[in-house]
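Please look over the sequence and the fold shown below before reading on.

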Amino acid sequence: MKRKVGYTWRLREVMAQHQIFTATELVPLLRERGIDLSTSQVHRLVSGTPERLSLQVMAALCDILSCTPADLVATTAENVGVRKAATGDLPTPPANVAKLRPRAARILPDA
C-alpha cells in the first residue's frame, strides 16, 4: 500500500491571527532575528507554498508568531490504492473458452 503525503502552508493565516497583514511588516521582524531576506522573497514566502524552507527561517517565523512549526505546516497523509483495470477494458472471451484445456502430456519409456 502506498501513501500520498502533502502539506498546507498556513503562514498567512497565522500572521493574520497576530495582526500582521503584509509581507513588508514581516521583513524587519525577520532581520531582527538575523534572517536577511528581500521583500520579494518574503512576499513569495507569505503568498506561496514553499517546497524548501531553511530551519533558521522556520525558527524565526515561529519566534515572531509565537507558534510551533505544526501551526505553520498542516500535513496530510492518505492511503493510495493500486489502480485496477476496469472490466469494460478487457476483451470479452469467446463463449467456448471453457472447452479449451491443455491436454495431459504422455511420457513414453525410452526404448
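This is a predicted model: local features need pLDDT of at least 70, side-chain atom pairs count only at pLDDT 80 or more; totals for chains, interfaces and linings use all residues.

For background, most residues other than glycine have a negative phi. The relative accessible area of glutamine 19 is 56%, so that this residue counts as exposed.

Serine 66 also has a positive phi, of about 50°, although serine 66 is not a glycine. Serine 66 belongs to the loop between α4 and α5 (69-72), and with a relative accessibility of 66% serine 66 counts as exposed.

## How α2 packs on α3

Two packed helices are described by the angle between their axes and the distance between the axes. For helix α2 (residues 23-32) and helix α3 (residues 39-47), the angle is about 115° and the axes are 9 Å apart. Angles of 65 to 115 degrees count as roughly perpendicular, and α2 and α3 are therefore described as roughly perpendicular to each other. The crossing in which α2 passes α3 is right-handed.

On the α2 side, the contact is made by Ala23, Thr24, Leu26, Val27 and Leu30, which meet Thr39, Val42, His43 and Val46 in α3. Sorted by type, the residues of this contact between α2 and α3 comprise 6 nonpolar and 3 polar ones, with no charged residue among them.

## Salt bridges

Side chains of opposite charge can pair when their charged atoms come close. A search of the whole structure finds 4 salt bridges, and among them is the pair of glutamate 13 and arginine 10, whose closest N and O atoms are 2.7 Å apart. Both partners are partly exposed, glutamate 13 having a relative accessible area of 41% and arginine 10 one of 23%.

Arginine 33 takes part in a salt bridge with glutamate 32, at 3.5 Å from N to O, and in another with aspartate 63, at 2.5 Å from N to O. Aspartate 63 lies in helix α4 (residues 55-65) whereas arginine 33 lies in the loop between α2 and α3, so this pair ties together parts that are 30 residues apart in sequence. Through the partners that these salt bridges share, Glu32, Arg33 and Asp63 are joined into one network.

What does glycine 6 touch, if residues up to four places away in sequence are not counted? Glycine 6 is part of strand β1 (residues 2-9), and on that count the residues touched by glycine 6 are Ala74, Thr75 and Thr76. The C-alpha atoms of glycine 6 and alanine 77 are separated by 6.4 Å, although these two residues are 71 residues apart along the chain. With a relative accessibility of 25%, glycine 6 counts as partly exposed.

Terms used
Residues are numbered from 1 along each chain as its sequence is written. Side-chain values use heavy atoms; hydrogens and water are left out. Axes are lines fitted to C-alpha atoms, for helices over the stretch in contact, and angles run from 0 to 180 degrees between N-to-C directions. Helices (H or I, at least four residues) and strands (E, at least two) are DSSP runs, numbered from the N terminus. Angles under 35 degrees count as roughly parallel, over 145 as roughly antiparallel, 65 to 115 as roughly perpendicular and the rest as oblique. A crossing is left-handed if the near helix is turned anticlockwise from the far one by less than a right angle, and right-handed if clockwise. Contact means heavy atoms within 4.5 Å. Ala, Val, Leu, Ile, Met, Phe, Trp, Tyr, Cys and Pro count as nonpolar, Asp, Glu, Lys and Arg as charged, and the others, Gly among them, as polar. A salt bridge is a side-chain nitrogen of Lys or Arg within 4 Å of a carboxyl oxygen of Asp or Glu. Buried means under 20% relative accessible area, exposed over 50%, partly exposed in between (1.4 Å probe, protein chains only).
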